Every structure is written in structure tokens, then in C-alpha cells.
Amino acid sequence: MQAALTPTENQLPILVNKHLVTFCTVAVFLYALSRLWIGAKISAYFEAAFLLPFYYVVFKNWWYFKKQFLTWLVVAMLAIPILQFFVQYYQDPILALKYQGVDKLFRLTFFLAPAFWLAHNLKKINLFIGSNIIGFFILISIQDNTIHSIFNPAINERKVFEGFHHEFLATYSGVVILSCAYLISSLPKSRPLKSLALKSLLVSGIIISIYFIAISQTRAIYLGLSMVFITLFVIYNKNHLIKLFSILSFITLSFTVFNTNVADRFTSEAHQLTSSLRNNQIPENSIGYRISLWKIGIDNITDKPLIGHGGKGNKASILKTSDLSYYFKYFLHHYHNSFIEFGVAFGIFGVLIVLLIPVIALYYARRKQTPKRSPLIIYSMTLLMFLYFINLFESYLFFWQGGYLLAWSIIPFASLIFSQITLSSTKLQ
């Protein structure tokens, strides 16, 4: 028989089976541990393992969820692309079927389900973050000739591992640095030996991640992390621990990175860009490639600003452009900017959804009176700042890697917000 529940001022009258919470929390850890090294297709089964139970809880408690703004935001993120698809189908059935891809937008809400399960026990959030870090190093360890690849790269060779793109390596490394730093600050002081051992492992993770960034020579990662460290120093200049971490991290990253040829690449491309713009030309380098693709992307957005071209229409919109070279069309078949990708696929609505995610998170944090200087909020906000910056130059958020990294960054924050209201464990009928 279902237990009676009397809502109180700080109690959320949601009916949840405690065994379901346990099962889904374990599924969250399996997902975090395996997401990187298993890969997108197999890991989708782990996503389904706790997405479906979450929707079941929403359905059973619809009388409550129908009053929540987040619920209707999720509904809109699924409903709007479907409506767009029907409009596109009316215009051209063949292209509409070819370019369908509603999941690309809807997956941005994926963080809600894991955050809901973790909110029942905030102590497990550190385990979730740690599982992601372990998954990253498992990915590194299963590469061919791992030790040789790490310790014997050519100083100006960006590719560390075969089959593992250097930009992904640098991106994951940047996230790992911020995650390790948060875990170091949150370790308990009651067990000094255990704490020292864990700190040593986490510091080692930071060091090797900085090394990967330096070798990969991915400038967006360096600039994104530098922006994070400078922001932390300015905002939290009265916190000596954060201040010291920001200074040391910035100096270490700068020293390591600029011992490769990154400084020369910055200088060379800046000179080429300045010279080309004076002659009203776009330089043929990585900055020039991006400028050309961004112009094409913006033209495609203005062509269909409301309905977009479909979730899989980004590559086709590049291929049909007549004034691009073979290299552009078949090796750079994405726009190197997540916001342009969503604009091309889903119109202005898609861009707004991506931009509003951190704004909505901050709104709910303020509404629930979450401590502004909570370590979890600092961690999530700096990670989001880093991810959003690098997605000005890459398209990660549009593909599965970005959705996963977004979940990694915002799940701890969302769990903290959900936990501000007591989540009740009672029997579902």
C-alpha cells in the first residue's frame, strides 16, 4: 500500500521507490566510469537505464512536475524540433528524413536525470566526478603503446596517440584538471594518510593533463583554462587557497605550453590574419578556416532562421557550398562552433537553448538560495565557462562528446539545487 505523504514547507511531495534510487545511482556511476572508453553507441544503453526510470517518476508525479518551468523546457526541447521536422517534411520529405536528428538538442537536458538521483545523497557527487576521471585514464591506458606514446612524443608533434584525436585529448585533459582541483579541495582532513595518497594521485592527474595539453598544442584549451584561472583569481581573491591554485596553475600551464611551438603559432597566425584582413582576404590557416566556415554557417542560419536545416543538416550545408575547396568539404564538415551548429540545425531556438542552460541553472540556484560560494557551484561554473569558451571554436556540444562533458559539469550543480528540497523516498504504486 502506498505510504501517505504530507508535504511540508521544505519537502518535495514526490513519490520515489528507494530501491529505484539505489539502482539508478549505480547506473549513474557506471555511465560516468564507462562513457569515455566504451564509446557513444554502447554507452547509450547506460543512458537509457536511468533516463526511463526518471521519466517514470515524472509521469507518476505529473501533478507536481507540470507546475515546473524546467519540465516545460524539456518538453519544448523535444517538441520544437519535432514541429520543425514536420514543417521540413512538408517542404521536402526526402531531405527532412535525411536530416532528422532531434536527439542532438534533446540530449542537452540529459543532466536532469542523473542529478535527480544523486540529489538523494550529495556525498556521492565526489564519487561521480572521480568516476569520470578514472574513465578518462582508462581511455588513455587502453591506447596502443601508452607509456611510449606519453613519454616519447616529438616536441612539435600534436598527435600523442593513434586513433585518439589530439583536440579531444586536450579537451578532456582540461576538464580533468578542474575536476582534480575540486576533489583536492574537498578531501576530508580526518584521515591524513588517506588524504595525502589521494591528493598525490590527483596532483599526478593534473600534471599529466597539463602535459597532454602542452603536447597537443590546442590553443583554445590553453586560452579557456587561462580565462578560468584569471576569473577565479579576480572573483575569489580573498580565498587564499583558490588564489594560490589560480596563480600556480596559470604559471605552470603557461610555462609548459610555451615550451612547445604554441607561442610561434599564436604569433604567426595573428600576423597572417592581420595581413590578410588588410587585403580583404581570409588567411589559409586554422583561424582562416574557421572564419570561412562561420560565414557559411551564419548564411545558412539566416536562410532558415526559424526551422533550421535539420539535426543532421550541418554537413550537407557545407557540402553544397560551391566556393569551398575539397579540403573544406570533406575534412572540415562541421562549423567549428557549437552555437552555429545548433543554429543551422534548429534555428534561433536551438542557439537560445544552448545559451540559456547556464542562465537557468543560476536562476534556480538563486531561487533555492543555494550558497553562491559553494565549492560545487565554483566547480560547475568554471567548468561551464571553460566548455562554453572552447565551443566558440569547436563543435563539441553538437556531438555526443559535448553532451557528455556538459553533463559532467552541470550534474553536480543541479544535484545541489535539487537537494535544497527534501526528496522523499516512498513506495510507488
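How are helices α10 and α11 oriented to each other, roughly parallel or roughly antiparallel? In this predicted model, the axes of α10 (residues 166–186) and α11 (residues 192–216) come within 8 Å and cross at roughly 155 degrees. Since angles over 145 degrees count as roughly antiparallel, α10 and α11 are therefore roughly antiparallel to each other. Their crossing is left-handed.

The α10 side of this contact includes H166, L169, A170, S173 and G174, together with V176, I177, C180, A181, L183 and I184. On the α11 side these residues meet K199, L202, V203, G205, I206, S209, I210, F212, I213 and S216. Sorted by class, the contact of α10 with α11 comprises 14 nonpolar, six polar and one charged residues.

Helix α10 also packs against α20 (residues 400–418), with axes that come within 12 Å and cross at roughly 5 degrees. That angle makes α10 roughly parallel to α20. Here F168, T171, Y172, V175, V176 and S179 of α10 make the contact with W400, Q401, L405 and W408 of α20, and the residues involved divide into seven nonpolar, three polar and no charged.

| Helix pair | Axes come within | Crossing angle |
|---|---|---|
| α10 and α11 | 8 Å | roughly 155 degrees |
| α10 and α20 | 12 Å | roughly 5 degrees |

Aromatic residues form a further theme, as the structure holds 23 aromatic pairs. One of them joins Y404 and W408, whose ring centres are 5.7 Å apart and whose planes stand at 50 degrees, so the pair is tilted. Being four residues apart in helix α20, Y404 and W408 are separated by about one helical turn. Y404 counts as buried at 2% relative accessibility, and W408, which also takes part in the contact with α10, counts as buried at 0%. Elsewhere, ring pairs link F136, F137, F168, Y172 and Y396 into a cluster; of these residues, F168 and Y172 belong to the α10 side of the contact with α20.

A separate site is T109, which is placed in the loop between α6 (103–106) and α7 (112–118). Is T109 buried or exposed? Its relative accessible area is 9%, and because buried means under 20%, T109 counts as buried. Leaving aside residues up to four places away in sequence, T109 touches V74 and M77.

Notes
Residues numbered from 1 in each chain as written. Predicted model: local features only at pLDDT ≥ 70, side-chain atom pairs only at ≥ 80, totals over all residues. Heavy atoms only, no water. Axes fitted to C-alpha atoms, helices over the stretch in contact; angles between N-to-C directions. Helix = DSSP H or I, 4+ residues; strand = E, 2+ residues; numbered from the N terminus. Parallel < 35°, antiparallel > 145°, perpendicular 65-115°, else oblique. Left-handed = near helix turned anticlockwise from the far one by under 90°. Contact = heavy atoms within 4.5 Å. Nonpolar A, V, L, I, M, F, W, Y, C, P; charged D, E, K, R; others polar. Buried < 20%, exposed > 50% of the residue type's maximum accessible area, 1.4 Å probe, protein only. Phe/Tyr/Trp six-rings, centres within 6.5 Å; stacked < 30°, edge-to-face > 60°.
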